[in-house]
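I open the notebook on a new structure.

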Amino acid sequence: MAAQLVAKQLVCHLGGRRLLCMGTLAWSFSLLLVPAALTIGSHNLLFIAQAAFGFFCGTSFPAAHGLIAEEVSTAEKSTSVSLIQAAAAVGTATSNLLMPLVVDHVGGLAPLAGMAVLGIVMSASLPLLTPRPRAAGASNNGRTRAVSKAAATASVSAADIARAGGLSEIAVWLSEPLVFSAVFAFYFSGVAYNGLFGAFLPTLFLQRFGVRTHELATLTSFAPIGNALACVLGGLGSDALIHTRSWPTVRVRTLMQLIGTLLPAVALLLLAQIDMSKGRAEANLGAAFILVTVAMTAHAAQASGVLALLHDIAGPRAAELFTIANMIHKLAGVIAPHIIRYISSGFGWDTVFLFTAAHYAVAAATLVPLLGQMDEVRVRLFGGKSKQ
């Protein structure tokens with residue numbers, strides 16, 4: 001969380017590509033210190049290495065969004081944002097499947113050193129990649145409209161906001177209802193997704209649906225893969241609708257946000273109705289597996305909803321706005337597991353399903369009605385051109 005506010009300033013001064021290179025190199029060397037600390041038995045060095053690793057990893061997402069904002073054309077924003085989310089999901093799934101096998105064969109220290117070396121190679125390779133020329137005229141519906149007199153006035157205001165900088169600038173951004181709702185959509189969906197599926201998916205199958213331990217690998221691996229595929233397909237589909245089918249951007253963001261929030265909410269409400277009593281458990285376990293997979297897969301649509309919305313609103317400064325939303329998202333990841341543990345132990349898993357479904361519903365209800373202000377907010381806060 002602390003890295004997010006620092007990353008806001010770093011991405012502003014260094015740019016996304018340079019910050020991504022430096023951050024990757026820094027977490028790689030930090031990771032190399034972990035085997036060293038374990039080998040010599042230094043608890044202080046281990047603490048420093050872990051803290052540094054966590055901090056520098058925290059700059060990766062803001063840097064990646066800075067790179068997208070600076071070097072990716074408008075016609076590919078949704079796809080690019082979705083690919084980042086998909087890569088994270090694939091990395092998590094791959095790690096969960098392969099890391100136990102690797103540790104059994106070579107021990108726990110070798111994989112850490114291997115990941116650090118891979119990070120160093122990636123950091124050295126990134127500056128060698130030549131940016132692709134951005135597509136010209138990448139405006140919604142294939143047309144660019146002149147900035148109105150009101151927009152020009154708003155641009156001056158946006159410049160004043162930018163000069164304020166720091167916490168004053170963040171306060172101005174969050175005073176805008178659309179920005180505030182977008183940032184807290186990260187919180188509400190973060191509580192639902194990270195709190196339930198991220199922290200308790202195996203426990204959920206074991207306790208609520210009576211799954212045997214050896215069945216967990218199969219039941220829990222499909223949903224993250226579905227999430228990654230849905231991220232990519234949602235991004236490609238969104239860009240196609242906007243730039244090939246000429247759909248207004250606001251309509252696409254609304255559609256994807258509704259899919260990414262209401263469909264998981266419905267799946268969770270249905271999960272709460274599943275009867276696992278004797279005689280029905282075997283048949284209904286399949287239904288539970290399908291509903292969990294649907295919920296986690298549909299959640300991915302938000303990558304082309306609220307996440308891509310940050311780029312629509314802030315343009316070149318999207319990474320800075322993302323750091324604020326991501327800090328709230330990480331806060332949800334810290335708080336939610338404790339809340340869900342309390343609810344599940346005191347009131348049962350069905351209450352947890354209702355609780356998380358309500359969070360998804362709030363993420364939709366507070367943001368979707370305001371999406372029509374997207375163009376106006378972009379002009380007023382960030383000095384961009386009207387794209388409607």
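I start with a term I will need: a crossing counts as left-handed if the near helix is turned anticlockwise from the far one by less than a right angle, and as right-handed if clockwise. I also note that this is a predicted model.

**Entry 1: H9 and H14**

I looked up helix H9 (177-207) and helix H14 (318-347). H9 passes H14 in a right-handed crossing. The axes of the pair come within 7 Å and cross at roughly 40°. Angles under 35 degrees count as roughly parallel, and 65 to 115 as roughly perpendicular. H9 and H14 are therefore oblique to each other.

I then listed who touches whom. On the H9 side I found, among others, Val 179, Phe 184, Tyr 187, Asn 194 and Phe 200. On the H14 side the contact includes Leu 321, Ile 328, His 329, Pro 337 and Arg 341. By class, the contact of H9 with H14 has 17 nonpolar, five polar and one charged residues.

**Entry 2: H9 and H13**

Next I took H9 with helix H13 (306-314). Their axes lie 10 Å apart, and the angle is about 150°. Angles over 145 degrees count as roughly antiparallel. H9 and H13 are therefore roughly antiparallel to each other. The crossing of H9 and H13 is left-handed.

From H9, the contact uses Leu 178, Ala 182, Ala 185 and Phe 186. From H13, it uses Val 306, Leu 307, Leu 309, Leu 310 and Ile 313. I sorted these by class: nine are nonpolar, with no polar and no charged residues.

**Entry 3: H4 and H14**

I went back to H14 and paired it with helix H4 (60-71). The two pack at an angle of about 150°, with their axes 8 Å apart. That makes H4 roughly antiparallel to H14. H4 passes H14 in a right-handed crossing.

Phe 61, Pro 62, His 65, Gly 66 and Ala 69 are the H4 residues of this contact. They meet Ala 318, Ala 319, Phe 322, Thr 323 and Asn 326 in H14. The contact of H4 with H14 holds six nonpolar, four polar and no charged residues.

**Entry 4: the largest pocket**

How much space lies in the largest pocket? I read about 1,500 Å³. Its lining has 41 residues, and Trp 27, Ser 60, Ala 87, Ala 88 and Met 122 lie nearest the centre. Helices that give two or more residues to this lining include H2 (16-40), H3 (43-57), H4 and H14. Which helix gives the largest share of the lining? I found that H5 does, with 13 residues. The lining divides into 24 nonpolar, 15 polar and two charged residues.

**Entry 5: the second largest pocket**

I noted 37 lining residues, of which Ala 89, Thr 92, Tyr 193, Asn 194 and Gly 198 lie nearest the centre.

By class I wrote down 22 nonpolar, 14 polar and one charged.

**Last note**

Key:
Residues are numbered from 1 along each chain as its sequence is written. This is a predicted model: local features need pLDDT of at least 70, side-chain atom pairs count only at pLDDT 80 or more; totals for chains, interfaces and linings use all residues. Side-chain values use heavy atoms; hydrogens and water are left out. On a 1 Å grid over the protein atoms alone, a cavity is a set of points where a 1.4 Å probe fits but cannot get out, and a pocket is an open set with protein on both sides within 12 Å along at least five of seven lines; lining residues have an atom within 4 Å of a point. Grid points are joined across faces, edges and corners, and a volume is the space filled by probe spheres set on the points. Helices (H or I, at least four residues) and strands (E, at least two) are DSSP runs, numbered from the N terminus. Ala, Val, Leu, Ile, Met, Phe, Trp, Tyr, Cys and Pro count as nonpolar, Asp, Glu, Lys and Arg as charged, and the others, Gly among them, as polar. Axes are lines fitted to C-alpha atoms, for helices over the stretch in contact, and angles run from 0 to 180 degrees between N-to-C directions. Contact means heavy atoms within 4.5 Å.
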